[in-house]
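Here is a friendly walk through one protein model, from its overall build down to a few single residues. Please keep the structure open while you read.

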Amino acid sequence: LWTADGRSWGLEYLFGVLDAADGFRPLWAHDRAQERRALKDFLELVRKRRRRYPHMHVYHYAAYEKTALLRLAGRYGVGEDAVDQLLRDGVLVDLFPLVRKSIRVGTENYGLKSLEPLYMGAQLRSGDVTTASDSITGYARYCELRDDGHTDEAAVLLKEIEEYNRYDCRSTRKLRDWLL
C-alpha cells in the first residue's frame, strides 16, 4: 500500500531479526533509500554473524523472506552475491515445507498463526496488529498519520507493528525449537 510516485508500489518497511539471545533488532525503511540501506544492513549483520558462527542458519516461515531478499537485491543491484551465497550454502531455512511434510494439524491451513497454539502456550498473539495484512494496513495508516503531523499517534502504531514482527520472529524460533 506504499508508493512514492504512484507507479511503483510496495516497500519492505521492516526487517525483523531475532538473535540467539532473544535480542530483537528492527531495521526500518520508510522510503526506497532506507529500504536499500536496510537490505545492506541485514546482509552485513548476517555476514558478521556467519564469520563468528559459520554453521548458523536464518530460519523463516514460507517463501516470503527468500523472495523479498532476491527481489530487493535485484532492484538495487546490491547484495546479489551475498543472497546467492546464503541460498547456495543453505543458510536460509524455510520451516514451512518441514511442517507440511512432518505433522498433520486440525486447522484450515498451515500458516504460522494457525500453528501457534501447538508451541506458544499462554503467549498467544494479542493487540491490534496480529496478522500480516494488519501490519500492511497499519503501516499505510502510520504513513498517513506521520504525513498529517500526528507524530505521537503514528509512533504508537509503528511500535505495534514492531511488536507484531518481534512476535513473528519469536514464534518462528519457538516453532523451530518445538520441531527439534
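Helices (H or I, at least four residues) and strands (E, at least two) are DSSP runs, numbered from the N terminus. This is a predicted model, in which local features need pLDDT of at least 70 and side-chain atom pairs count only at pLDDT 80 or more, while totals for chains, interfaces and linings use all residues. Residues are numbered from 1 along each chain as its sequence is written, and side-chain values use heavy atoms, with hydrogens and water left out.

**The whole chain**

The protein chain holds 7 helices and 4 strands, and their order from the N terminus is β-β-α-β-α-α-β-α-α-α-α. Along the principal axes, the C-alpha atoms fill a box of roughly 50 × 40 × 30 Å. The radius of gyration, taken over C-alpha atoms, is compared with a globule rule of 2.2 Å times the number of residues to the power 0.38. For 180 residues a compact globule would come out near 16 Å, so the 17 Å of the protein chain agrees.

Buried means under 20% relative accessible area, exposed over 50%, and partly exposed in between, with a 1.4 Å probe and protein chains only; 36% of the 180 residues count as buried. With contact meaning heavy atoms within 4.5 Å, 63% of the contacts between residues at least 6 apart in sequence join residues at least 24 apart.

**Single residues**

Ala62 sits in the loop between strand S3 (58-60) and helix H2 (64-76). Most residues other than glycine have a negative phi. Ala62, not a glycine, has a positive phi of about 80°. Is Ala62 buried or partly exposed? Ala62 counts as partly exposed because its relative accessibility is 27%.

Ser135, in helix H6 (residues 132-147), is buried, with a relative accessible area of 6%. Leaving aside neighbours within four places in sequence, Ser135 is in contact with Tyr13, Val129, Ile161 and Tyr164. By contrast, Gly127, in the loop between helix H5 (112-119) and H6, is exposed at 57% relative accessible area.

Arg170 belongs to helix H7 (residues 151-179) and is partly exposed at 23% relative accessibility. Not counting residues up to four places away in sequence, Arg170 touches Leu18, Asp22 and Gln123. Asp19 lies in the loop between strand S1 (14-18) and strand S2 (24-28); with neighbours within four places in sequence set aside, Asp19 is in contact with Arg49 and Arg173.

Here are some C-alpha separations for these residues.

| Pair | Apart in sequence | C-alpha to C-alpha |
|---|---|---|
| Gly127 and Gln85 | 42 residues | 38 Å |
| Asp19 and Leu115 | 96 residues | 22 Å |
| Arg170 and Asp89 | 81 residues | 24 Å |

**A pocket**

On a 1 Å grid over the protein atoms alone, a pocket is an open set of points where a 1.4 Å probe fits, with protein on both sides within 12 Å along at least five of seven lines; lining residues have an atom within 4 Å of a point. Grid points are joined across faces, edges and corners, and a volume is the space filled by probe spheres set on the points. The second largest pocket has about 180 Å³ of space. Of its 13 lining residues, the closest to the centre are Ser126, Val129, Glu163, Tyr164 and Tyr167.
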